[in-house]
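Thank you all for coming; please have the sequence and the structure open while I talk.

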Amino acid sequence: MTAPTYTLLSNVMVPMRDGVLLATDIYMPAGRGDAALPVILERTPYGKHLPSRSECNARDPKPKSRAEVAAYFTRHGYIVIYQDCRGRYQSQGSFVKYTSDGEDGYDTCAWIVAQPWCNGRIGTKGLSYAAHTQVALASLNAPGVVAMFVDSGGFSNAYQGGIRQGGAFELKQATWALRQGLESQEVQDDPATLEALSAVDIRDWFGRLSEWQPGHSPLALVPEYEAFMFEQWRHGSFDAYWMQPGLYAEGYYKQFSEAAMVHMSSWYDPYPRTAAANYVGLSAEKRGPVHLILGPWTHGNRSLSYAGDVDFGPQAKLDGQLAEDFLALRLRWFDRWLKNDAGADHGLAPVMLFVMGGGSGKRNADGRLDHGGRWRREAAWPLPDAQACAFYLHADGSLARHKPQQDGAERAWRYDPRMPVPTVGGAVTSGEPLMVGGAFDQREGPQVFGARPPYRALAERDDVLVFQSAALEQDVEVTGDIVAHLWVSSDCPDTDFTFKLIDVYPPSADYPDGYAMNLCDGILRARYRDSWSEPSLMEPGHVYALRIEAFPTSNLFRRGHRIRIDISSSNFPHFDTNPNTGNAEGWPGPVRVATNRVYLDRARPSHVVLPVIPPRAQEGGGHA
């Protein structure tokens, strides 16, 4: 029998500044004696005693327990600490999502560095919410923090990614809250509430979004969770609420911890914008090294080669590419910066980037599209050689580099909030059972929430405008932020405008109708067209110029493919539907059908700017 590598101090109650005690598990390396050692900290709302679903690898997809992860790091000379966030599992206090984690994390670090077993050096790790907790405490310059590995989270600006985007509200906050409410200790200890909450018909509730209000929502049985969901939803304007440490790292970069940092996310995760923004902002402000990793995965699924219905090839996994596995990658990082071991080589360039595309285009043995891709090492983000190329939308549905020359060209569609365009993949997590993230052929089907028979390609809907290029004569790589500049009008005082970037495969034996693969998308609530903090309603019929930002992406459009842009006014249930009335957000009320227009003429040349990477002189040219 293998001797244990640690001694566990379970449920140590660590005091916060307001007297609340947070339950903390401390794993001490066996045989430590009186030695003071570096600490690896993870703060989580998901149960410090429960397995983390992402602590797995390509060889063994079964999630490791936190004790197993702790054993790995204690074996290499670290003290490992897991802590339940305030109001979760064994910790005291009330759970308020995100906004208590800055001060609680700071106080926890201050307590750790005061202990005789800590040598004053703390590393932080964790996925998703445990990434948010890292960046929250670092935003307050928590004591002792010298190394961070931020995985798929850590809000640069939650108003523009993770909670809201372009003024719209991300409804994964509701599906997440329902699931976490079910798992809360209060509900688990109350059989009647547990039974009632388990019976909530979330599909029915999402079909009646315009009726929601406190006490009359799918979260009514868990008022703590309902309260923060409505608080996020109803704070439509960018105000002091969004500038708190747990939500707005951008406002705290100057005082941010002087730590060596990795910010990691993926193209079909809700946080590639956050990771890239933190990399750019903190690289400019901090002395320590800052690295960025952007893979092709969905949220935390770094050991899979696919996202949704598309496979990116054997190189897509982190395992065997960036390191032996994720544990080994983090160990190298912490050895280098927590132990200050100059001989520990983490092997990371400043930017590790996965460029999607280049596969066979056939259906593989698992039934997925073989899109392919490869890792590339870069010196900076955005890529210095990216060329901002405008692709113009034309009235005949074409997408081309030349501007339209006619006058008065426009296209119109009717947007009915009761029949929105359904979400088919994308940068989605925590949306089950209503939506999942990833790359998919952009078609309705029985598995798509909100889709109705007869199921159609989204391109065939009357409320989706499609603009696509001619078949490409050569490969085109697009890597970076995607921005749409649209001239629009509406007959309503407020409405939404959306766009989506799509790689269109030509018809083939495996895909007779071709394959329309989503890459990224953006949305803008029109009342925020000029200001996030001071919204203004539209004058019906007046033409406005909009700038809509999508999340970044990296894709090689192969010769023979087409670049496609879809324009519409909804992406549900990824985002809440705009009722088109101009009423306050997150309040019940009537809805209107909007007739929206996009203008496509020489005076109002609507277009999308794509960051095109020119062919490099040789393989490896321009790389780090």
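The structure holds 41 aromatic pairs, where rings of Phe, Tyr and Trp (its six-membered ring) are said to pair if their centres lie within 6.5 Å, with planes under 30 degrees apart counted as stacked, over 60 as edge-to-face and the rest as tilted. Take W111 and W117 as an example: their ring centres are 6.0 Å apart and their planes stand at 65°, so this pair is edge-to-face. Both W111 and W117 are buried, and buried here means under 20% relative accessible area, while exposed means over 50% and partly exposed lies in between (1.4 Å probe, protein chains only). Ring pairs also link a cluster made of Y46, F95, Y98, Y129, F155, W176, Y225, F228 and Y271.

Before I go further, please keep in mind that this is a predicted model, in which local features need pLDDT of at least 70 and side-chain atom pairs count only at pLDDT 80 or more, while totals for chains, interfaces and linings use all residues. Residues are numbered from 1 along each chain as its sequence is written, and side-chain values use heavy atoms, with hydrogens and water left out.

Now to the cores. In soluble globular proteins, nonpolar side chains tend to be buried together. Which residues of the largest nonpolar core touch the most other members? Among its 128 residues, they are F73, W117, I293, W381 and M517. The helix that gives the most to this core is α10 (residues 326-337), with 8 residues; helices (H or I, at least four residues) and strands (E, at least two) are DSSP runs, numbered from the N terminus. Apart from this core lies another, of 38 residues, which include L178, I202, Y241 and W242. If we look at I293 and leave aside its neighbours within four places in sequence, its contacts (heavy atoms within 4.5 Å) include F149, V262, L322, L329 and W375.

Next, the charged pairs. Side chains of opposite charge can pair when their charged atoms come close. A search of the whole structure finds 38 salt bridges, each being a side-chain nitrogen of Lys or Arg within 4 Å of a carboxyl oxygen of Asp or Glu. In one of them R43 joins D101, with the closest N and O atoms 3.3 Å apart. This pair links distant parts of the chain, since R43 is in strand β3 (residues 37-44) and D101 in helix α2 (residues 101-113), 58 residues apart. R43 is buried at a relative accessible area of 1%, and D101 is also buried, at 2%.

E585 and R164 form another salt bridge, at 2.8 Å from N to O. E585 is buried at 10% relative accessibility, and R164 is buried at 0%.

Is α4 mostly enclosed or open? Because 9 of its 12 residues are buried, α4 is largely enclosed by the rest of the structure. Those buried residues pack against several elements, including α3 (129-139), α6 (191-198) and α8 (223-234).

Finally, there is an open sheet of 3 strands in the order β11-β12-β14, with mixed pairing, where two strands pair if DSSP finds at least two bridges between them. β11 (306-307) and β14 (369-370) stand at the edges with a single partner strand each, so one side of each is left without a neighbour in the sheet. β11 and β12 (residues 310-311) run antiparallel and are joined by 2 bridges, and in β12 the bridge partner of Y306 is D311.

Conventions. A nonpolar core is a set of buried Ala, Val, Leu, Ile, Met, Phe, Trp, Tyr and Cys residues joined through side-chain atoms within 4.5 Å.
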